[in-house]
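Q: I have not looked at this one before. Can you walk me through a few parts of it?

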Amino acid sequence: MASENEKNDPPAMRHYKSVKAEHPDTILLYRMGDFYELFYDDAVEASKLLGITLTSRGGEIPMAGVPARSIDRYVGELIELGCKVTICDQVEDPKQAKGLVKREVTRIITPGTITESELLEASEHSYLLALNFVKGICGIAYAELSTGRFEIIEAKIEDAPAVVGLVSPREILASRALAFPEDERWTEALAGKTITRVDEYTFDRSRAFGSICEQLAVKDLSGFGVEGMDVAIESAGALLSYLMLTSRSSMRHIISVTKANFDNQMALDRATRSCLELTRTFALNRKEGSLLSLLNETETAMGARMLTDWVLAPLRVKDKIDLRLGAVDEFFRERKVRELIREELACVQDLERIAARIGCGRASPRDLAGLRTSLSALRISMPVLTALSSERMQTISKHLDPMTDVEDMLTAAIVDSPPLALKEGGIIRKGFNADLDELRMLAQDSKTWIANYQQKEIERLGIPNMKIGYNRVFGYYIEISRGQADKAPANYHRRQSLKNAERFVTDELREYEQKVLTAESRANDLEEELFTQVRETVTGQLPRLLKTANAIAEIDVYAALAEVAERYRFVRPEITDSREIDLVESRHPMVEKYQPGEPFIPNDCAMSDINAADDGFFHLITGPNMAGKSTYIRQIAVIVLMAQMGSFVPAKSARIGVVDRVFARIGSGDDLTMGASTFMVEMRETANILHNSTDRSLLVFDEVGRGTSTFDGLSIAWAICEYILERSKARTLFATHYHELTELEPLFDGFTNKSVLVKEWKDEIRFLRKIVPGGADKSYGIHVARMAGIPNSIILRSKEILSELEKQSIDASGMPKIAGPKTTVKHRRSSFRTNERQIPLFGTAD
């Protein structure tokens, strides 16, 4: 029962409380006039998060508000901060309301359910993912409400974190009863995601089947290739229920469910994506400076999202890679065609997200105008596109639908530059509907009628300064100065007295006003009805529109990659099924672009098959700090990924055997929140690589073992090298300062020493950035320390200690001999046994 205080609440506050009770875990924005108001705890929280003023209602109820015209900005900020927002709108005209204005919840906006373009990053996906565990199987469904993509997949529970990582959802849906495994892979996969708990019944299997069939307007799912995926279907049903609840729409752009297929794609773990700076830089976590920022010359938002997908999940099937490369090659060679296509693509708006807003019934007049403009650009491009001869472009062109019927309808119906909001009017083009034209004519003729009536009355009464005006309170009125007011005839009825004037109305003026206002109201209602009909017609064409949008995105990516290839002198790589990687004069694309200064020094890389007698498959790279070891090994990995995503690469020539996975372990970093030190993080990432790599993988290691004592680290690094050489035989680039590891070369087939060339003169060094055969015996760390500004006294003392260490003057406890009374030493040597051979770690065997 309501408390005594609640009974005394105004009707609007009682309604607010009832809505809030239904949505307790969200911030409720309640429309009141020109503002969205917040009350109680929501007001307090929002004032802190948004920096808005906190006031009070009646001195007791905390209250804050944001202007309705700026609502998208404030909602965006709340979502970015991880909040969920409920929008309660006025759904009737306050002027027509009898009593309390009717209000309803029109949206619940969460991180994974956004459709508004203002709240979305154009080049990024915004997925909602639902998951469920049944008998060791994880059923996963994920959807993007803003584009209509809807896919499901099943995996073992221990493998599911990798799938979650590939999808990278903004929000994860799970039942209240589900307990995530206490596993570091799950911890990493869930990190930074909004986790939403829902009732367990939403995952009910029969309920899920019913929900999906109803959404897709089918009797069963036999035509979608998802038979037998019952656990994933349960997740899909829960996901759809949640989307329906939050979007409050029919979501008619979600027209199919497909089985996600990652078999042809390369899975890249978080560490590899980060180390290779695929979408963000490693140190500053910025987009600028990443591989994606360099490659992203797309003209459309759909193309930018597709390019992101390709960067994060390159292909691993030769034929599919060659199809992409063939399309890029054609655009690369046909510059004029590329320029024309890109010029038209620049006019194409985000068709996927426009389709989503159409499907949710939220498309604005400008959305439909944007669709029309986009289809016009496609129509202009069609003759050029259909003339392209590469296999992939021929396939796309055959199935590319210019949708000229939809373009023609929109051209006839919508004005060239419609307003943003439907209520502003002036949307439907003249000539589209005769009834609307007639009503508009009546409303527009009012100005002429009023002017004529005013002139007639001036002449009749002899009052030259008489004027006719209008306001919302009194409607039309005749205004006469107070000094002339006595000339007003008997048929002038006094309406309002002002300080210096009197306002009157006549029966004739009142009748005309009613006629005009009725016409305007009827015109507004009819225009809204016509716009809804046009939008509904387009809704029926959404399957065609979504296919067209996907085709345009792919064309955009090919043209963009060709543009980048020409701009930065990239070449088409040759893809093989062997294990070779043969790069001539390869360059690091991001370093070359984003770190101007001295010219980038290119380097070769020749990695052979397991049993080949040349450069081998395991390259150990030694050399000084800052000489370029890390840059070199990363550029090889980046080039391989570029080639397999379908891009040209920065090299004079490139021949690459398909890689099934790329792993990178570079740099240092801890995870204090999970109780993991720098070295623990390093070892976890290394363990992941060793457990999941194959002889078709490419491994990139930089300074493995440096986070612990010298002997511990060297022993681990040595053993890792042996493990790879003897077991996985993965193609490996291993950069290190453990020069002792160079002694592995005569002991293992496929092992090759490489080093970075340095020019030494007197007490100075010059980094030549050139990779040459053979190992290095110095790291020049003291020189780098001096370059960094370490005090000279420390530099001199370091040289003394280094001199002692280089003499291998190490005492029984492993400490270096340092001048002074504490330094009595014995020579110490360690060894590591493998395959019944005794391998010395330092010096030579006795």
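A: What follows covers a helix, a sheet, a glutamate and some salt bridges. This is a predicted model, in which local features need pLDDT of at least 70, side-chain atom pairs count only at pLDDT 80 or more, and totals for chains, interfaces and linings use all residues. Residues are numbered from 1 along each chain as its sequence is written, and side-chain values use heavy atoms, with hydrogens and water left out.

Q: Start with helix α14. How many of its residues are buried?

A: In α14 (residues 351-359), 9 of its 9 residues are buried. Buried means under 20% relative accessible area, exposed means over 50%, and partly exposed is in between (1.4 Å probe, protein chains only). Helices (H or I, at least four residues) and strands (E, at least two) are DSSP runs, numbered from the N terminus.

Q: What do the buried residues of α14 pack against?

A: They pack against β8 (137-144), α11 (301-312), α15 (365-386), α20 (507-539) and α21 (542-568). Contact here means heavy atoms within 4.5 Å. After α14 comes G361, with a positive phi near 75 degrees.

Q: Now the open sheet. What is the order of its strands?

A: The 6 strands run β22-β23-β24-β20-β25-β26, and the pairing is mixed. Two strands pair if DSSP finds at least two bridges between them. β22 (662-665) and β26 (764-773) are at the edges with a single partner strand each, so one side of each has no neighbour in the sheet. From one strand to the next, the twist averages 15 degrees.

Q: In which sense do β23 and β24 pair?

A: Strands β23 (residues 698-702) and β24 (residues 731-735) are parallel, with 5 bridges. V700 is opposite L733 in β24.

Q: Which strands does helix α25 lie across?

A: Helix α25 (residues 710-728) lies across β20, β23, β24 and β25, at about 165 degrees to β24. Axes are lines fitted to C-alpha atoms, for helices over the stretch in contact, and angles run from 0 to 180 degrees between N-to-C directions.

Q: Different topic: E171. Is that residue buried or exposed?

A: E171 is buried and has no salt bridge; the nearest side chain of opposite charge, K84, is 4.1 Å away. A salt bridge needs a side-chain nitrogen of Lys or Arg within 4 Å of a carboxyl oxygen of Asp or Glu. For charge, Lys and Arg count as positive and Asp and Glu as negative, while His and the chain ends are not counted.

Q: Which side chain makes a polar contact with E171 at 2.5 Å?

A: That is the side chain of T110. The side chain of Y242 also makes a polar contact with E171, at 2.7 Å. A polar contact is a pair of N or O atoms within 3.5 Å; within protein, one must be able to donate a hydrogen and the other to accept it, and residues adjacent in sequence count only if both atoms are side-chain atoms.

Q: How many salt bridges are in the whole structure?

A: A search finds 50. One of them joins R176 and D199, with the closest N and O atoms 2.9 Å apart. R176 is in the loop between β10 and α6 (184-190) and D199 in the loop between β11 (194-198) and α7 (205-216), 23 residues apart.

Q: What about D329 and R333, where do they lie?

A: Both are in helix α12 (residues 318-333), 4 residues apart, about one turn of the helix. D329 is buried at 16% relative accessible area, whereas R333 is exposed at 52%.
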